[in-house]
Amino acid sequence: MRTVEFQEYGGPEVLRVTEAKVPDPGPGQVSIDVAYVGVNFADLKARSEGYRVPALPFVPGLEVSGRIRAVGPDVTGLRVGQEVTALTEGGAYAEVTVADAVTVFPLPDGIGLRTGAGLPTVLPTAYALLHTVGRIRPGETVLVQGAAGGVGTVLGQLAKAAGAGTVYGVVSGPAKAEYALGNGYDEVFVGSFTDEVRAATGGRGVDLALDPVGGETLRGSLASLAPFGRLVSFGNASSAEPWTVGQPELYPTGLSVSGFSILGLAKTAPAALRDIASRAFETVADGTVSLPVTAEFALEDAAEAHTLMGSRTSTGKLLLRVAGSQWS
Ligand SMILES: NC(=O)c1ccc[n+]([C@@H]2O[C@H](COP(=O)([O-])OP(=O)(O)OC[C@H]3O[C@@H](n4cnc5c(N)ncnc54)[C@H](OP(=O)(O)O)[C@@H]3O)[C@@H](O)[C@H]2O)c1
């Protein structure tokens, strides 16, 4: 079977098409004939700096849609031929991949393989950030960094559906601002945002800030909180040094800082992840949320998808097509 792997860290050019043996599922796993693969920023971080890469060579990719090819021992409730969407621990840029059954979900009613490939990371992440970790209440104001990206596109819509008051986004360019305004955001700042958020909220700040960027941006998100505000860190797109927050920032106005990792949760509390995922997928099935696929590439053109996402001009969700066009 074909895979796309890298043997060294670097730019998109290190992604190479290779031939590999079709993997068999182990206990508690299934193998999947892949239709589409969702491209995540984490794939770029894996390729460029080894994020969650246990050893080289490495096949990136964290989410797929497709049909179950084989079911391993000790798996119940899944059958060969079933159409599913799955979260994987890497290995998804391939014609066949293996996933733990606990992170394999039957495609929700009315959702096709193409849309389904983009659901497993973005939807549960956005849902958990707002509800499980962020504990949003109706009327609260929200600030989202990376508002036009995969996660950001869903966060704007889900925040509104949760009854949020004003939802503010931050993006790196005007075209992205335009896009985010069509996805739930009330106001979108381009580049700088701390003074702008204070001005827009009459000096109060926001109740909930969601930050996938880290570094100075995370500091700015913290500085944008209202009294008793909550900041959830969920990424480090800026590749900044790990952050620390202490008494001087938190005590005076009673702030909280927390974090979230879907891959961490898949390992430590898979039942909690399944619960979050099922509620999150419902929001797509019932039309509350849409996740536009804005670009699709053949598997062997994965480097082009990485180049696009790395250019910071992409919006919504990017996909790799593996067997999808033959199936749909
Ligand atoms: N913790 C979790 O469970 C989890 C799950 C999924 C995703 N994430 C994180 O959420 C973020 C979005 O992921 P995605 O896959 O949906 O990607 P994406 O948003 O579609 O694309 C990457 C995003 O990162 C921003 N970005 C790119 N390079 C940057 C840089 N050098 N400095 C600052 N920002 C940069 C871009 O926003 P602008 O160009 O507008 O600034 C863009 O929105 C990533 O940081 C990812 O690691 C976390």
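Modeller: The lining of the largest pocket is made up of 23 nonpolar, 18 polar and four charged residues. In this count Ala, Val, Leu, Ile, Met, Phe, Trp, Tyr, Cys and Pro are nonpolar, Asp, Glu, Lys and Arg are charged, and the others, Gly among them, are polar. The model is a predicted one, in which local features need pLDDT of at least 70 and side-chain atom pairs count only at pLDDT 80 or more, while totals for chains, interfaces and linings use all residues. Residues are numbered from 1 along each chain as its sequence is written, and side-chain values use heavy atoms, with hydrogens and water left out.

A pocket here is an open set of points on a 1 Å grid over the protein atoms alone, where a 1.4 Å probe fits and protein lies on both sides within 12 Å along at least five of seven lines; a lining residue has an atom within 4 Å of a point. Points are joined across faces, edges and corners, and the volume is the space filled by probe spheres set on them.

The largest pocket holds about 1,200 Å³ of space. It is lined by 45 residues, and those closest to its centre are Phe41, Val151, Pro212, Phe234 and Ala237. Two or more lining residues come from each of α1 (41-49), α3 (119-133), β8 (142-145), α4 (150-161), β9 (167-171), α9 (262-268), α11 (302-310) and β15 (317-321). Helices (H or I, at least four residues) and strands (E, at least two) are DSSP runs numbered from the N terminus. Helix α4 gives the largest share, four residues.

Domain 1 puts 15 residues into the contact between them, and domain 2 puts in 15 residues; contact means heavy atoms within 4.5 Å.

One of the helices in the lining, α3, contains His131. His131 counts as partly exposed because its relative accessibility is 28%, where buried is under 20% relative accessible area, exposed over 50% and partly exposed in between (1.4 Å probe, protein chains only). Apart from neighbours within four places in sequence, His131 contacts Ile136 and Ala162. Its C-alpha atom is separated by 9.3 Å from that of Ile276, 145 residues away along the chain.

Strand β8, also in the lining, is packed against by the buried residues of α7, as are α6 (194-200), β11 (206-211), β12 (225-233), α8 (247-250) and β13 (256-259). In α7 (215-223) these buried residues are Gly215, Leu218, Gly220, Ser221 and Leu222.

Helices α1 and α9 return in the second largest pocket, where each supplies at least two lining residues, as do β1 (2-5) and β6 (96-100). This second pocket has about 550 Å³ of space and is lined by 33 residues, with Gly61, Thr88, Glu89, Gly90 and Gly91 nearest its centre. Strand β6 gives the most to that lining, with five residues.
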